[in-house]
Amino acid sequence: MEKLQDRVRSLAVEYLPEAVATLREAVRIPVDGESSSGTSNHEGPRVDYLRQRLLDIGAVDTAEDLGVDEYGNLWWKVEDREDGIPPGERLVVYLDGHCDTVAPLRSRWHEVLGGGIDAHLGLTDASRVDRQVLREELGYLPPEEEWSHLVWGRGTADQLAGVVCQMFATRILRELEDLGSLRGVTLWSYATVAEEDNDGGGPMFYMRQAIESRQPDRIPDVVILTEPTGSAEHGALGVYRGQRGRMQIEVEVVGKSSHGSMPGEGRNPLEHGAAIIAEAAAAHERGEGMATDAFLGPGSRTASFATLRTPSDCAVPETFTFRLDRRLTAGEDPQQALDDIASLAAVGRAREAGLEVEVRAPIYDQPTWKGFVLGNRQVYPGWSTPESHPSIRAALETYKQTITPMVEQGRLGSSATGDPRVGRWVFSTDGVGVPVSTELLEDHGLDKPWIEFGNMRHPAIFGIGPGVEENTHKIGECVDSREMAAVMAFLGFYPACLHRRRKGI
């Protein structure tokens, strides 16, 4: 194992320049103004590029070992076909990262930062960058003498760097098969789509595919997310083992339109809806209806979106629809979260005044870039893997064998720590698409030793990824490329470490 550790670290450093070049090109697609290409449901050109790169760098044995599923996810598979272990006895490990981004807002980057950093082209002229504004925009920025290691642009941290790490890690795993890198493991890797718009939609699709196949080499024992696990406060490269769930609460208030000069002739949904929002905000401020969990933290709720249907800006509107972003901690029930809003006094007053008020969890009905409509309720379950779980113990051991030596050698900059830091995400990840209902497992005759979380079950899930969580979705988004080498090394060693722990070696 010591030789494997050394070779994994060595190859991760050797392949870093090529990985960085791949990341820059993935971010560059496209460069034509504010094009939607690369954002949720418009990932086609980027998926095509990443698929070809997998072949170019030798991340798979043959072209048959990768493809694009009906949903639009890019997948690839690696295993040691000569290790003599039957499929039913192998550990199944999934790597997961999403390849879509939020809107690039390219013109805003130039306006806010004074030019010099482009959302697609990265750093173009360091002399033009307003460094003070940049530091105010980002949650964390390393000392300026370390900027030469940064890759800038939309999606660098969230989450293209993680996807590129998966690509080069599978290349490393293949090259080190003779040292046991893949012994006893089947590894599936995914670059999912539409995550920013519909968290976990890609995993919802591939998990159902895997379960319905009933094939032992498809059903995961461990899912590793490569979302950024850096913290502005605590440093880079945490090992994250949980997150809160979330849901959209949509409230539609239907009134009666009238001319603005005669408001008494109408029933104003905007005013009644605003009262509902204000009451919900005040209740949240007081902590009413919000549970808390020692690890995942408290639930939360905030107004996040609104639309108005009105004949003019001098009229009583007809319909006001708004959404509340509700983060669900352990033990919180989505139906109760809906009931909490429906039972507000302001809702009752609106109904008494003759308005219609509907409180619901909306359906996500947008087609992916492949035209697939998942049609899921926008309720995304949380998850948590116990720190004592063998998968987490293997992760901490892997960190110490791969990343700790890189820290000690000064390869990872000022933000990385030698000891693994176990934590959780504040934001949402693809992990919300991995849990499935117990009923679905039973319907397909599966009895996996998965983790129970409420009325859902999930394989062990954890994550490690380059980038700082507080820098995602920001103007000036960037990632420290040295963290990419660390994650590539981690992913290149973890399967062997997990297999040895399973066998008690």
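How many bridges join strand β8 to strand β25, and in which sense do the two strands run? The close-up views below are taken from a predicted model, and the first of them answers this question.

**View 1. Strand β8 and its pairing with strand β25.** Strand β8, which covers residues 222-225, is joined by 4 bridges to strand β25, made of residues 460-463, and the two strands run parallel.

**View 2. Strand β8 and its pairing with strand β3.** Strand β8 also pairs with strand β3, residues 91-98, again in the parallel sense and over 4 bridges. Here Ile224 in β8 is the bridge partner of Leu95.

**View 3. The side chains of strand β8.** Val222 and Ile224 point one way from the strand, whereas Val223 and Leu225 point the other way, and all of these residues are buried.

**View 4. A negative patch on the surface.** Four residues, Glu439, Glu442, Asp443 and Asp447, form a negative surface patch. One of them, Glu439, has its place in helix α11, which spans residues 438-443. Glu439 counts as exposed because its relative accessible area is 55%, and the cut-off for that word is over 50%.

View 5. Although Ala345 and Ile276 are 69 residues apart in sequence, their C-alpha atoms are 8.0 Å apart in space.

Definitions and conventions. Residues numbered from 1 in each chain as written. Predicted model: local features only at pLDDT ≥ 70, side-chain atom pairs only at ≥ 80, totals over all residues. Heavy atoms only, no water. Patch = residues over 30% accessible without salt bridge, like charges linked within 9 Å, V, L, I, M, F, W, Y side chains within 5 Å. Areas by Shrake-Rupley, 256 points an atom, 1.4 Å probe, with all protein chains shown as cover. Salt bridge = Lys/Arg side-chain N within 4 Å of Asp/Glu carboxyl O. Lys, Arg positive; Asp, Glu negative; His and termini not counted. Charge placed at Lys NZ, Arg CZ, Asp CG, Glu CD. Buried < 20%, exposed > 50% of the residue type's maximum accessible area, 1.4 Å probe, protein only. Pairing = 2+ DSSP bridges.
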